[in-house]
Amino acid sequence: MIQTLARFRILLGWVLGVLLLYLAIPTPTSLALGIPIATVGLAFRAAAAGILQKNAVLARVGPYRLTRNPLYFGSFLLALGVGVMGGRVLTAALVVVPSLLIYPTVIRNEEGHLRDRFGASFEEFRQSVPCFLPRRLSSRMFEGFAGHRYIANREYHAALGFLGATLLLLLKLFWGSR
């Protein structure tokens with residue numbers, strides 16, 4: 001079942017996102033707490049997408065110095081931030097719990113592919129960089145970033161989705177308080 005959810009994780013994310021927005025009861029405090037968390041997640045995703053050359057080069061600069069999976073780590077923080085913005089434990093759980101269940105399977109599958117594709121180079125990378133949680137942050141997170149890769153990898157979709165969710169939560173906050 002987890003394997004099936006992993007395959008449909010993007011669709012699942014949209015469904016859970018809509019449910020989160022429906023169930024959300026945002027407050028000024030929840031927004032103030034969630035927006036910075038989500039913004040850090042967006043930064044990880046943006047930095048990674050601006051470096052990633054899928055199946056061509058093993059990315060090892062920028063956020064890939066900090067975690068082997070900066071896109072998933074960024075997605076997790078982005079989802080957690082939006083969940084917190086929703087103002088309820090339920091809205092945070094809606095996005096955090098599926099991430100904790102699905103990401104290990106997805107990462108295991110992708111790392112098998114990378115091992116096959118890049119061999120010893122990937123094994124050395126795997127031994128020197130943590131899988132998910134960074135040990136530290138770095139001012140060189142955007143090292144190697146190229147705007148054309150960010151666009152080619154369509155990472156702007158995550159930023160637009162976050163802006164849309166933030167706008168809807170702000171509308172719900174102000175409209176719901178009348």
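Which hand does the crossing of H3 and H4 have, left or right? The crossing is left-handed. With that settled, let us walk through the rest of this predicted model.

## The H3 and H4 pair

Two packed helices are described by the angle between their axes and the distance between the axes. Here, helix H3 covers residues 28-49 and helix H4 covers residues 70-85, and the two pack at an angle of about 160° with axes 7 Å apart. Because angles over 145 degrees count as roughly antiparallel, H3 is roughly antiparallel to H4.

What kinds of residues make up the contact of H3 with H4? The contact divides into 19 nonpolar residues, six polar ones and one charged one.

Next comes helix H5, which runs over residues 89-118 and has 30 residues. From its first C-alpha to its last, H5 reaches 41 Å, close to the 44 Å expected at 1.5 Å a residue.

## Positive phi without glycine

The loop between H3 and H4 holds Asn 55. Although Asn 55 is not a glycine, it has a positive phi of about 65°. Its relative accessible area is 33%, so Asn 55 is partly exposed.

The other is Arg 154, located in the loop between helix H7 (147-152) and helix H8 (156-176). Arg 154 is not a glycine either, yet its phi is positive, at about 55°. Is Arg 154 buried or exposed? Its relative accessibility is 51%, and since exposed means over 50%, Arg 154 counts as exposed.

Our last stop is in helix H8, where Leu 168 lies. Leu 168 has a relative accessible area of 46%, so this residue is partly exposed.

How far apart are Leu 168 and Tyr 22 in sequence and in space? In sequence, 146 residues separate Leu 168 from Tyr 22, while in space the two are 9.8 Å apart, C-alpha to C-alpha.

Conventions. Residues numbered from 1 in each chain as written. Predicted model: local features only at pLDDT ≥ 70, side-chain atom pairs only at ≥ 80, totals over all residues. Heavy atoms only, no water. Axes fitted to C-alpha atoms, helices over the stretch in contact; angles between N-to-C directions. Helix = DSSP H or I, 4+ residues; strand = E, 2+ residues; numbered from the N terminus. Parallel < 35°, antiparallel > 145°, perpendicular 65-115°, else oblique. Left-handed = near helix turned anticlockwise from the far one by under 90°. Nonpolar A, V, L, I, M, F, W, Y, C, P; charged D, E, K, R; others polar. Expected span 1.5 Å × (residues − 1). Buried < 20%, exposed > 50% of the residue type's maximum accessible area, 1.4 Å probe, protein only.
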